[in-house]
Structure formats: structure tokens, C-alpha cells
Amino acid sequence: MKPGTRILVVEDDTSIARMVELELEHRNFSVRCAYDGPSGLEQVSEYRPELVVLDIMLPTMDGVGVLNRVRKEGNKVPVIMLTARDTILDKVHSLDHGADDYLTKPFDIEELLARIRALLRRSDGEEVLRFSDLEVNTATREVRRGERKIDLTAREYELLEFMAKNPRRVLGRDFLLSRVWDQEYGIATNVVDVYVGYLRKKVDAEGETRLIQTVRGAGYALREG
């Protein structure tokens, strides 16, 4: 990431916007803030940001409305949505409308910075997702665990790639269905459990640290146990 990378923060809470602005500027990003939906849209066109941090609950036009307009114009700028409501439906709704990531308020600034760096690396063309000793090459669809090559079916790969793009995050069954299976008609949520089981047998070999974790009552996460 080059110094001066342009980031637009669209957030009506001026204290949050200012805090994010200062933290980003401290790390040599170029930052501009907008405080409502229409102003955010105007700044997307004028400022031409390389990444947008976009609150959902905005006055005049909400964040999803802003995102829809941006995507309809063919603008593929990476967008991180901020939501005060920690529900799967809100998150799925944001992702379905073209968001690249989301973060629930209140959030830790270091986590936001990590998400920003990850999206900027991806937009710069980085094709290999790494977590611990796991590598997922999104260009060739090759998967390795250390020196060991892992052969996956198409669906297993899609599930693992999505988890590798969202490391440490707890991913619910319904959420995974909506993102990996694209809500195919008639698919039951237990199919997620079945495919996670397939992945575990291939990714977590005997003697290796388990990376695919079950979070009881919530879903699954790619993280070290």
C-alpha cells in the first residue's frame, strides 16, 4: 500500500469519523470525510477514493442506498460497511448489495485497519490468501498446508476460500449458505455441517493444528485452536 492511498469515510457520527480519520492519517493514508448519504456519493465521484468506509445508518440516504448507486455506476471501489446492528440479515443484506466487508459497532480501530489493509492488498492484485500455514491461491484455486497440497472439490474450495477471506470471524450456517451456496433452492443448513466436515478431514491432518473451528451455537471460524 502506497503512502497517500485515498480513503473516504462516510459516517454521520462526527466523533467516530474524526477518530478514524486521525488513525488513518497517522498511517499515511489520505482521508476525506462525509457525513450523509448524498455528500458521500458526491465525494466518491469527486475524490475518487481507493477504499470507502461506509456507515449503514446515514441521514437522507442510508449506506445501502449509497452503495447501490455506486455499484450501478460501475464503480468497484472496495467498501467496508459499518453497522450498529449485529444481525446476520443486516450483514447479508450489505454483502448482497456489493459490500466487500462489514464491521459491527463498536469496533476496535486495529481491526478496522486490518480489514482496510486486506482489501487494499486484494485490490492491488494479491492472489494468495494466507492463514497460519494454510495458503489458498485464488487465481489457480490451489490449496496448500505447509508443503502438503490439498485437493478439494469445487464446493469445498469455495467454502474454504470464503473462510480464508474472513479469518477469525464466526460465520453462521445461514450466512455461509447465502454466500457460498447463493441461497440455492431447497438447500438445508445442515449441508454446511457436511461440507465443513469434508474440509476438516482434508485441511486438518493428524498432528497439525486444527484451523477449522466450531463455535457452539454460532457457526464456524477459521482460526487456530
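Predicted model: local features only at pLDDT ≥ 70, side-chain atom pairs only at ≥ 80, totals over all residues.
Biologist: Among contacts between residues at least 6 apart in sequence, what percentage joins residues at least 24 apart?

Modeller: Contact here means heavy atoms within 4.5 Å. Take the contacts in the chain between residues at least 6 apart, then keep those joining residues at least 24 apart, and the figure is 56%.

Biologist: On to helix packing. Are helix 2 and helix 3 roughly parallel or roughly perpendicular to each other?

Modeller: Helix 2 covers residues 37-47 and helix 3 covers residues 63-72, and their axes come within 9 Å. The axes cross at roughly 25°, and angles under 35 degrees count as roughly parallel. Therefore the two helices are, relative to each other, roughly parallel.

Biologist: Is that crossing of helix 2 and helix 3 left-handed or right-handed?

Modeller: The residues that meet there are G37, L41 and V44 from helix 2, and V66, R69 and V70 from helix 3. By class, the residues of this contact divide into four nonpolar, one polar and one charged. As for the hand of the crossing of helix 2 and helix 3, it is right-handed.

Biologist: How is helix 6 oriented to helix 8, roughly parallel or roughly perpendicular?

Modeller: Helix 6, residues 154-165, packs on helix 8 with the axes 10 Å apart and an angle of about 85°. The range from 65 to 115 degrees counts as roughly perpendicular. So helix 6 is, to helix 8, roughly perpendicular.

Biologist: Staying by helix 8, does D204 count as buried or exposed?

Modeller: D204 sits in the loop between helix 8 (190-203) and strand 10 (212-215). Leaving aside neighbours within four places in sequence, D204 is in contact with R145, L199, T209, R210, L211 and I212. Its relative accessibility is 13%, so D204 counts as buried.

Biologist: Which residue has its backbone nitrogen 3.0 Å from a polar atom of the side chain of D204?

Modeller: Among the residues in contact with D204 are T209, R210 and L211. The one whose backbone nitrogen lies 3.0 Å from a polar atom of the D204 side chain is L211.

Biologist: Which residue's side chain joins that of R169 in a polar contact of 2.8 Å?

Modeller: R169 is in the loop between helix 6 and helix 7 (173-180), and with a relative accessible area of 11% it is buried. Not counting residues up to four places away in sequence, R169 touches D101, Y102, R115, Y220 and A221. The side-chain partner at 2.8 Å is Y102.

Biologist: Then there's R71: which residue has its backbone oxygen 2.9 Å from a polar atom of that side chain?

Modeller: R71 is in helix 3 and partly exposed, at a relative accessible area of 22%. Beyond neighbours within four places in sequence, R71 is in contact with K76, V77, V79, H97, G98 and D100. The backbone oxygen at 2.9 Å belongs to V77.

Biologist: Backbone geometry next. What is phi of R48 near?

Modeller: Most residues other than glycine have a negative phi. R48 lies in the loop between helix 2 and strand 3 (51-55), and at 59% relative accessibility it counts as exposed. Its phi is positive, near 50°.

Biologist: Last one: is the peptide bond from K105 to P106 cis or trans?

Modeller: P106 is in the loop between strand 5 (101-104) and helix 5 (109-123). Most peptide bonds are trans. The bond from K105 to P106 has omega near -10° and is cis.

How values were computed. Residues numbered from 1 in each chain as written. Heavy atoms only, no water. Helix = DSSP H or I, 4+ residues; strand = E, 2+ residues; numbered from the N terminus. Buried < 20%, exposed > 50% of the residue type's maximum accessible area, 1.4 Å probe, protein only. Polar contact = N/O pair within 3.5 Å; in protein donor to acceptor, adjacent residues only side chain to side chain. Axes fitted to C-alpha atoms, helices over the stretch in contact; angles between N-to-C directions. Parallel < 35°, antiparallel > 145°, perpendicular 65-115°, else oblique. Left-handed = near helix turned anticlockwise from the far one by under 90°. Nonpolar A, V, L, I, M, F, W, Y, C, P; charged D, E, K, R; others polar.
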